[in-house]
Amino acid sequence: LSAADSADWTLGDTFTIEAWIYAEALPSYSIVVTQNGGDGFYYAALDSLRMYFNGDSFGDVNSDAVLVLNTWNHVAFVSGTGYHYINGVRSGSSGSTDLGNFSGELRAGIWSDGASYPFSGYMQDIRIVNGTAVYSGTTYTVPTAPLTAITNTKLLLNMADGQALDSAAQNNITL
């Protein structure tokens, strides 16, 4: 999915990016969400569960968690608390992430860096929540039902009946 630049994609220092991922292989740069413009960029990647950003400041915030191949994994990147989670378990401190106002389209879904890093797998329930750290603590109960639009949800791709939620209903969204 790609969507035009929007204020909704300015995530700041408190946000949650989460998804269900089924990876058959895990090459470098397997990206869940990215925004890339001439003034900087960010991405949430699966290969080392990391948030990487480059703009007014730079960060490469890695985790020691590893996706289990050939099974569904719930992953969450939570800033504000500064942690990554996989299958409901926190993976060490990831430090502070402050994502500025980067121009450029938002891409969501399993995306990799061209033919050099092809991704093989599936995704479900990509959700971006701006201004809220949805998960905290060392563990949380992994969702067992499709994700829903909670307060501050800016993007929800639950793939139910081919739907995509745009919180402002102002963007052209391509599935």
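A residue counts as buried when its relative accessible area is under 20%. By that cut-off, strand β12 is mostly covered, with 4 of its 5 residues buried. Bear in mind as you read on that this is a predicted model.

**Confidence and overall make-up**

The mean pLDDT of the protein is 75, and 62% of its residues reach 70 or more. Among the elements, β12 (residues 153-157) has the highest mean pLDDT, 90, while strand β14 (residues 173-174) has the lowest, 54. A word of care belongs here: where pLDDT is low, the predicted coordinates should not be read in detail.

The protein has 14 strands and 0 helices. Of its 175 residues, 46% count as buried. Among contacts with a separation of 6 or more, 66% are between residues 24 or more positions apart. The protein exposes about 7,800 Å², and carbon and sulfur atoms supply 47% of that area.

**Strand pairing**

| Strands | Sense | Bridges |
|---|---|---|
| β2 and β7 | antiparallel | 8 bridges |
| β7 and β8 | antiparallel | 4 bridges |
| β11 and β12 | antiparallel | 4 bridges |

Strand β7 takes part in the pairing with β2 and in the pairing with β8. Tryptophan 20 stands opposite histidine 74 in β7, and valine 78 has tyrosine 83 of β8 as its bridge partner.

**The nonpolar cores**

The largest nonpolar core holds 22 residues, and those with the most contacts inside it include Ile17, Val33, Val75, Ile126 and Leu155. At least two residues of this core come from each of β2, β3, β7, β10, β11 and β12. The largest share, 5 residues, is supplied by β2. Apart from this core lies another, of 6 residues, among them Ala76, Tyr85, Tyr135 and Tyr140.

**Aromatic neighbours**

The whole structure contains 5 aromatic pairs. For tyrosine 85 and tyrosine 140, the ring centres are 5.2 Å apart and the planes meet at 70 degrees, so the pair is edge-to-face: the angle is over 60 degrees. The two residues are 55 residues apart and link distant parts of the chain, with tyrosine 85 in strand β8 (residues 83-86) and tyrosine 140 in the loop between β11 and β12. Both tyrosine 85 and tyrosine 140 are buried. Elsewhere in the list of aromatics, Tyr22, Trp72 and Tyr122 form one cluster.

To finish, take a look at glutamate 105, in the loop between β9 and β10. Is glutamate 105 buried, exposed or partly exposed? Its relative accessible area is 34%, which lies between the 20% and 50% cut-offs, so glutamate 105 is partly exposed. Leaving out residues up to four places away in sequence, glutamate 105 touches Ser2, Ala3, Ala4, Asp5, Thr34, Gln35 and Asn36. With glutamine 35, 70 residues apart along the chain, the C-alpha separation is 5.8 Å.

Definitions and conventions
Residues are numbered from 1 along each chain as its sequence is written. This is a predicted model: local features need pLDDT of at least 70, side-chain atom pairs count only at pLDDT 80 or more; totals for chains, interfaces and linings use all residues. Side-chain values use heavy atoms; hydrogens and water are left out. pLDDT is the predictor's confidence in each residue, from 0 to 100. Buried means under 20% relative accessible area, exposed over 50%, partly exposed in between (1.4 Å probe, protein chains only). Contact means heavy atoms within 4.5 Å. Accessible areas come from the Shrake-Rupley method with a 1.4 Å probe; for residues, only the protein chains shown count as cover. Two strands pair if DSSP finds at least two bridges between them. A nonpolar core is a set of buried Ala, Val, Leu, Ile, Met, Phe, Trp, Tyr and Cys residues joined through side-chain atoms within 4.5 Å. Rings of Phe, Tyr and Trp (its six-membered ring) pair if their centres lie within 6.5 Å; planes under 30 degrees apart count as stacked, over 60 as edge-to-face and the rest as tilted.
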